[in-house]
Amino acid sequence: MKVNILLIVVSAVFLTAVHAGASGFGIGVHSGYGSIIYEENTTAFGNDITSEAVLDTVLFGISAEYTFTEPGYLFAGIVTDWAFGLEDSETWETDGVATQTNDLEVFGQFYDIRFGYKNTVAGLYYRIYASGGWDGIHFRRDEFVSRGVAVSGDVTEDFSLWRIGAGAAIGYKFGKWALDGRAAYAHYPDAEVKNSSVPDVKFDTSGTCLDMGFGLARELSANMSLYLGGTYTEIRLRESDIKQKGLLQAVFPDSSTRLTAGVVNLTYAF
């Protein structure tokens with residue numbers, strides 16, 4: 001429901017802008033391939049418990065941007081990404097001793113709305129913007145082996161992360177080519193995690209997101225360009241308070257999600 005409402009609002013904003021008469025409107029489609037490294041760590045119950053998984057990842061997304069007629073150089077945009085972390089093994093250690101393995105799949109969806117200012121000076125172009133949005137990450141674990149004993153069943157975990165942040169991009173165009181780089185930082189002031197192994201319990205947390213990219217763009221026509229580059233995203237969430245349910249105590253640990261991928265993007269401007 002959160003995602004549907006967000007997309008409806010954004011779509012309404014862009015449709016209104018286009019019908020009002022845009023000085024510049026562009027859409028893009030991008031895809032990529034890389035990896036997600038996911039790690040957890042906690043000492044909340046005395047022992048040092050850690051986990052790590054490395055998943056091959058397929059990335060897909062769309063983007064849109066509208067440049068306002070008045071005043072000039074102001075823009076609004078949205079960037080969406082869907083990341084599919086393909087199933088692989090996750091390993092757990094307690095005080096440095098391996099205690100468990102399981103299979104892990106990850107699906108991430110990321111929605112970022114941007115408002116900012118852009119300009120061009122000779123061959124140099126740049127933009128700065130404020131942003132906000134929502135990130136959702138779904139984990140599914142199964143095929144558990146705990147201390148050599150197979151355990152049946154599966155466990156799901158969902159992150160719901162509202163973000164606010166800012167970013168900047170800069171590039172240099174020479175002929176039909178351009179070098180392009182970007183960096184953005186966001187804070188998650190309101191983040192929650194739900195785990196199916198402790199139903200009806202919500203873990204409250206907060207965190208940060210760092211997003212960077214660099215690549216080379218080529219103008220294919222007056223309205224179309226192609227971009228090839230790399231992207232890096234790091235999401236860090238803080239450990240929650242310990243939750244009590246009956247005799248069970250549970251905590252969401254410190255976590256790190258790092259996505260690295262090569263990306264190709266095709267953009268068309270109206």
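Mentor: Patches are made of residues with over 30% relative accessible area and no salt bridge, where like charges are joined within 9 Å and nonpolar side chains (Val, Leu, Ile, Met, Phe, Trp, Tyr) within 5 Å. Accessible areas come from the Shrake-Rupley method with a 1.4 Å probe, and for residues only the protein chains shown count as cover. A salt bridge is a side-chain nitrogen of Lys or Arg within 4 Å of a carboxyl oxygen of Asp or Glu. This is a predicted model, in which local features need pLDDT of at least 70, side-chain atom pairs count only at pLDDT 80 or more, and totals for chains, interfaces and linings use all residues. Residues are numbered from 1 along each chain as its sequence is written, and side-chain values use heavy atoms, with hydrogens and water left out.

The nonpolar patch on the surface is formed by V121, L124, I170, Y172, F174, W177, L179, F214 and L216, which together have about 830 Å² of accessible area. Two or more of its residues come from each of β7 (155–174), β8 (177–195) and β9 (202–219); strands here are DSSP runs (E, at least two residues) and helices likewise (H or I, at least four), numbered from the N terminus. β7 gives the largest share of the nonpolar patch, 3 residues.

Take L216, a residue of strand β9. L216 has a relative accessible area of 33%, so it is partly exposed, a term for values between buried (under 20%) and exposed (over 50%), with a 1.4 Å probe and protein chains only.

Elsewhere, strand β1 (residues 24–42) and strand β13 (residues 254–269) run antiparallel, joined by 16 bridges; two strands pair if DSSP finds at least two bridges between them. Within β13, S255 is the bridge partner of E40.
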